[in-house]
Protein chains: 2
Amino acid sequence: MKTRSIEQKVEVSFEYPVCFTEKLFALENPLFHKTIMRAGKTRRHKLLFVIDEGFAQFHPCLEQQILDYTKHYSSELELVSPPIFVLGGEETKNRPENWEKIYQAIDQYKICRHSFIVAIGGGAVLDMVGFACAIPHRGIRLIRVPTTVLSQNDSGVGVKNAVNGFAKKNFFGTFAPPFAVLNDSEFLTTLSARDWLSGVSEAVKVALLKDKDFFRYLQREVDAVTHRDLDVMEEIVFRCAALHLDHIRNGGDPFETNHARPLDFGHWSAHKLETLSQYKIRHGEAVACGIALDTYYSYLKGILSEEDCLEVLHLLHNLGFPLYYSQLESPEIFLGLREFQEHLGGILSITLLRGIGEALQVHEMDEEKIKESILFLRSWEQSLPKEVAQKDEVCN
Amino acid sequence: MKTRSIEQKVEVSFEYPVCFTEKLFALENPLFHKTIMRAGKTRRHKLLFVIDEGFAQFHPCLEQQILDYTKHYSSELELVSPPIFVLGGEETKNRPENWEKIYQAIDQYKICRHSFIVAIGGGAVLDMVGFACAIPHRGIRLIRVPTTVLSQNDSGVGVKNAVNGFAKKNFFGTFAPPFAVLNDSEFLTTLSARDWLSGVSEAVKVALLKDKDFFRYLQREVDAVTHRDLDVMEEIVFRCAALHLDHIRNGGDPFETNHARPLDFGHWSAHKLETLSQYKIRHGEAVACGIALDTYYSYLKGILSEEDCLEVLHLLHNLGFPLYYSQLESPEIFLGLREFQEHLGGILSITLLRGIGEALQVHEMDEEKIKESILFLRSWEQSLPKEVAQKDEVCN
């Protein structure tokens with residue numbers, strides 16, 4: 001049996017700026033124009049905007065600002081049509097009409113691989129628009145403009161996109177680095193109290209895994225966060241995003257071909273809490289609870305000191321996160337472990353804590369100890385003084 | 001306006017073997033098993049086969065061979081279901097039911113990122129199955145088993161996939177390197193005369209651009225090709241594939257983010273010939289004609305010597321390719337240049353010939369000289385002795 005082989009090796013390099021600014025579409029801010037011009041001065045650059053309609057309601061001047069901005073630079077920027085408005089929130093990823101609308105615009109306005117789609121919205125909208133950009137012509141240039149804490153510091157800076165299918169979250173998607181990510185801190189001022197807070201859990205998470213100093217900073221600034229200090233939130237978003245970007249760049253597995261996802265600390269139960277609550281529990285809230293669970297579990301298994309464990313729980317609690325939900329006691333919570341294992345190709349790999357700023361990968365989980373951790377979280381929450389119930393209303 | 005920026009850089013490396021063998025699914029050939037085991041011995045590997053139904057008709061034992069082969073290695077390989085059969089040819093890329101059938105199987109059999117889909121078929125089927133694999137779970141491992149000369153030496157070894165949409169060829173697709181490519185030379189023996197020949201035009205093309213020795217080899221082996229000598233065809237497929245792989249690896253732009261596609265010599269008119277003929281002209285035949293056109297044009301523009309030009313035309317003719325089709329005289333042929341330009345982001349970049357084995361990029365084309373070249377090809381074809389009309393029938 002004669003066989004000849006050639007070992008092919010393909011190396012691809014992606015570069016994109018992640019910028020933190022304010023008043024992104026004010027005429028006096030050159031960042032957006034400068035960002036597009038990185039693509040060269042050879043032609044007018046076609047732009048199509050896709051905007052989260054919920055976000056747009058809180059920013060009624062945004063569309064006019066975009067028109068004025070692109071008009072100002074009209075010799076270089078070509079707005080192909082008025083913005084497309086799409087449903088916000090996770091539901092946008094369930095409805096194919098959202099991404100089909102974008103495909104149609106790509107076809108109609110002859111958007112090519114060298115044109116730009118600018119997506120403005122929260123994590124779900126960025127996921128969906130990112131997917132809608134990734135497939136036509138094998139990928140249109142995407143500029144992400146994240147509008148929530150969670151998308152500015154976490155999902156919006158990464159290399160993934162997704163929509164839902166077959167009743168499964170993120171069933172369809174690709175790895176597709178954006179052309180640029182432009183974060184505007186002013187967009188955070190109109191967030192509801194829950195959305196303002198919920199993205200901070202990813203900052204706590206990445207601090208716990210990688211940066212003890214950042215954890216200390218978060219401890220010091222609890223009051224500033226709960227009192228909506230924008231400067232502090234900008235710093236949190238910046239440091240959290242920087243740690244995420246560093247992980248993607250230097251973690252050795254940007255397109256997740258291996259069996260571990262070390263940044264998914266606390267996420268096996270968090271994903272399940274979200275679905276068991278029909279997404280009434282926000283992703284960031286579920287992550288805070290998942291962190292608390294795996295932190296206490298790390299302590300129970302003798303990996304983490306009691307002192308460190310309590311510091312974590314107190315920080316999350318002081319920020320305002322509930323650390324217990326009744327869904328934790330559903331037997332289905334353990335399916336979260338199975339699904340996590342399945343997603344990683346059959347090999348369970350869970351991140352635990354060895355100390356503040358120090359992660360540890362394990363390949364099995366002790367269900368009895370998980371149950372014990374859940375019972376602890378329930379009694380801990382019951383023993384604490386009741387806070388004023390959080391209101392889900394716009395604060396600014 | 002305060003702005004902070006982080007320059008993100010993501011480097012991704014893909015490695016895959018491209019193997020040339022015979023009797024791929026015979027029990028005595030360990031290649032397929034060995035290929036899968038590159039993924040590790042940690043678990044039984046799930047496999048789903050998708051097969052071109054036209055090809056399967058000529059290989060009635062294939063399904064049983066696959067069953068026997070996977071049964072033989074059943075402790076390591078898990079066949080999740082009987083093969084899925086799909087329509088072959090370009091039409092498979094027009095009909096969403098083909099890729100939706102694959103999505104359903106991925107969902108039903110819990111195919112994950114670490115499972116395998118094995119696609120067996122010609123270029124269109126590999127394109128379609130590749131697309132169907134690339135989106136669920138952000139990409140399932142794909143093993144391509146190309147069954148035609150064209151897919152073994154060209155499309156099947158690369159990093160692209162596609163389906164059609166909005167009445168446009170390859171409207172949807174991604175860049176997604178396969179896990180492996182396994183070429184079985186025996187599969188070529190059942191090709192029709194036209195399909196046996198048509199893939200050779202890509203070999204002529206890549207020889208012209210990159211490898212004068214290979215061009216001389218093709219000249220020497222014309223008779224062997226036309227008499228269906230399998231050893232010679234294996235050598236042509238191997239050398240052509242190797243040149244393509246080298247271009248993808250070392251060409252500096254594997255995911256085509258730049259404005260040029262230097263390997264697309266002769267392709268601007270070839271794409272148009274295909275569509276103007278409603279795909280009655282095969283891709284390989286259209287490419288042969290497109291090569292002849294741009295070769296003669298190179299001569300007319302004073303870039304290529306007359307001697308080299310005639311060598312190219314004679315080789316293509318002697319292999320049996322028509323060098324003229326009436327569609328060349330349709331005014332729409334020039335739309336091919338515009339579409340090529342549009343696809344490359346507004347900057348025209350066309351590959352011409354400076355010599356045999358030497359390419360040259362130009363950024364404008366002289367329509368009068370193109371017309372003159374077309375007229376020359378018409379009169380050249382008319383002046384030649386008529387060959388026996390090629391029959392589109394199965395030869396073995």
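In the predicted model, E10(A) and E11(A) form a hairpin with two residues between them, and Gly357(A) in the turn has a positive phi of about 95°. Helices (H or I, at least four residues) and strands (E, at least two) are DSSP runs, numbered from the N terminus. Strand E10 (residues 350–355) of chain A and strand E11 (residues 358–362) of chain A run antiparallel and are joined by five bridges; strands pair if DSSP finds at least two bridges between them. Leu352(A) has Leu360(A) as its bridge partner in E11(A).

Residues are numbered from 1 along each chain as its sequence is written, and chains are lettered from A and ligands numbered from 1 in the order in which they are written. Local features need pLDDT of at least 70, side-chain atom pairs count only at pLDDT 80 or more, and totals for chains, interfaces and linings use all residues, while side-chain values use heavy atoms, with hydrogens and water left out.

In chain A, helix H12 (residues 267–276) packs against helix H13 (residues 283–300) at an angle of about 140°, with the axes 7 Å apart. Axes are lines fitted to C-alpha atoms, for helices over the stretch in contact, and angles run from 0 to 180 degrees between N-to-C directions. H12(A) is therefore oblique to H13(A) (under 35 degrees counts as roughly parallel, over 145 as roughly antiparallel, 65 to 115 as roughly perpendicular and the rest as oblique). By class, the contact of H12(A) with H13(A) has seven nonpolar, five polar and two charged residues; Ala, Val, Leu, Ile, Met, Phe, Trp, Tyr, Cys and Pro count as nonpolar, Asp, Glu, Lys and Arg as charged, and the others, Gly among them, as polar. Residues of H12(A) in this contact (heavy atoms within 4.5 Å) include Trp268(A) and Leu273(A), and those of H13(A) include Val287(A) and Leu293(A).

In chain B, helix H8 (residues 200–210) and helix H14 (residues 306–319) pack at an angle of about 165°, with their axes 11 Å apart. H8(B) is thus roughly antiparallel to H14(B). Val200(B), Val204(B) and Leu208(B) of H8(B) meet Val312(B), Leu315(B), Leu316(B) and Leu319(B) of H14(B). This contact of H8(B) with H14(B) has seven nonpolar, no polar and no charged residues.

Over all chains, the structure holds 54 salt bridges (a side-chain nitrogen of Lys or Arg within 4 Å of a carboxyl oxygen of Asp or Glu). One salt bridge is formed by the side chains of Lys9(B) and Glu15(A) (3.8 Å, N to O). Lys9(B) lies in strand E1 (residues 4–21) of chain B and Glu15(A) in strand E1 (residues 4–21) of chain A, so the pair joins two chains.
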